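Work through these exercises with the structure open beside you. Try each task before you read its solution.

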Amino acid sequence: HNMRWIYWPHQDGNAQEYWDRVGSGGRDYVGGPKVLNASELAPVLASPYLFARKADPAVDAAVLTVWDAWMARKLAGQPLDPPQAPIGNSPGDPELSIRFRAPGLADHEGEHRLEQIKNR
């Protein structure tokens, strides 16, 4: 789970408001991660993750075109805009001590280990 970009709509407050904005194309995903769109893709491309979840051409057809163009530049060794963070780098948790938990379930043990690392 540490190598996938996943964003849960409830992180911004009322998830139902997000799903209402997505419209009928996103109804199949209600309750799941945010569906990527081209206008919000920059943070995903700049992230240290190898994969992103989720993209659906029915919600935004341009997202895959933008992703493909960015990936073609990356594979060709060309400069990226936005530049990507080092793969696997997690600035907030450099030792990847916090285990993945479903939304709303905290990893108190992992958070404690992270606090110990910060206090070294």
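**Exercise 1. The fold**

How many helices and how many strands does the secondary structure of the chain come to?

Solution. Keep in mind that this is a predicted model. Step one: count the elements. The chain has four helices and two strands. Starting at the N terminus, the elements read β-α-α-β-α-α. Step three: look at burial. Of the 120 residues in the chain, 28% are buried.

**Exercise 2. The core**

Find which residues make up the largest nonpolar core.

Solution. Step one: list the members. The eight residues are W5, L36, L41, V44, L45, V63, W70 and L80. Step two: ask which elements give two or more residues to this core; they are α2 (42–46) and α3. Set aside the neighbours of L45 within four places in sequence, and L45 is in contact with W67, W70, P82 and Q84.

**Exercise 3. The aromatic pairs**

Decide whether each aromatic pair is stacked or tilted.

Solution. Step one: count. There are two aromatic pairs. Step two: take W5 and Y7. Their ring centres are 6.1 Å apart, with 15° between the planes. Planes under 30 degrees apart count as stacked, so W5 and Y7 form a stacked pair. Step three: take W67 and W70. Their centres lie 6.2 Å apart and their planes meet at 50°, so this pair is tilted. W67 and W70 are separated by about one helical turn, because they sit three residues apart in helix α3.

The cut-off for buried is under 20% relative accessible area.

- W5 has 14% relative accessibility, so W5 is buried.
- Y7 has 23%, so Y7 is partly exposed.
- W67 has 21%, so W67 is partly exposed.
- W70 has 2%, so W70 is buried.

**Exercise 4. The salt bridge**

Which residue forms a salt bridge with E40?

Solution. Side chains of opposite charge can pair when their charged atoms come close. Step two: search the whole structure. The search finds one salt bridge. Step three: name the partner. E40 pairs with K34, and their closest N and O atoms are 3.1 Å apart. E40 is partly exposed, at 37% relative accessibility. K34 is buried, with a relative accessible area of 13%.

**Exercise 5. A loop residue**

Is D12 buried or exposed?

Solution. Step one: locate D12. This residue lies in the loop between β1 (4–6) and α1 (15–22). Step two: read its relative accessible area. The value is 55%, so D12 is exposed. Step three: look for contacts beyond four places in sequence. D12 touches Y7 and K34.

**Exercise 6. A surface patch**

Name the residues that make a nonpolar surface patch of about 280 Å².

Solution. Step one: list them. The patch is made by L50, F51 and I87. Step two: locate one of them. I87 lies in the loop between α3 (62–75) and α4 (108–118). Step three: classify I87. Its relative accessibility is 42%, so I87 counts as partly exposed.

**Exercise 7. Contacts along the chain**

Take the contacts between residues at least 6 apart in sequence. What percentage join residues at least 24 apart?

Solution. The share is 50%.

Key:
Residues numbered from 1 in each chain as written. Predicted model: local features only at pLDDT ≥ 70, side-chain atom pairs only at ≥ 80, totals over all residues. Heavy atoms only, no water. Patch = residues over 30% accessible without salt bridge, like charges linked within 9 Å, V, L, I, M, F, W, Y side chains within 5 Å. Areas by Shrake-Rupley, 256 points an atom, 1.4 Å probe, with all protein chains shown as cover. Salt bridge = Lys/Arg side-chain N within 4 Å of Asp/Glu carboxyl O. Buried < 20%, exposed > 50% of the residue type's maximum accessible area, 1.4 Å probe, protein only. Core = buried A, V, L, I, M, F, W, Y, C linked by side-chain atoms within 4.5 Å. Contact = heavy atoms within 4.5 Å. Phe/Tyr/Trp six-rings, centres within 6.5 Å; stacked < 30°, edge-to-face > 60°.
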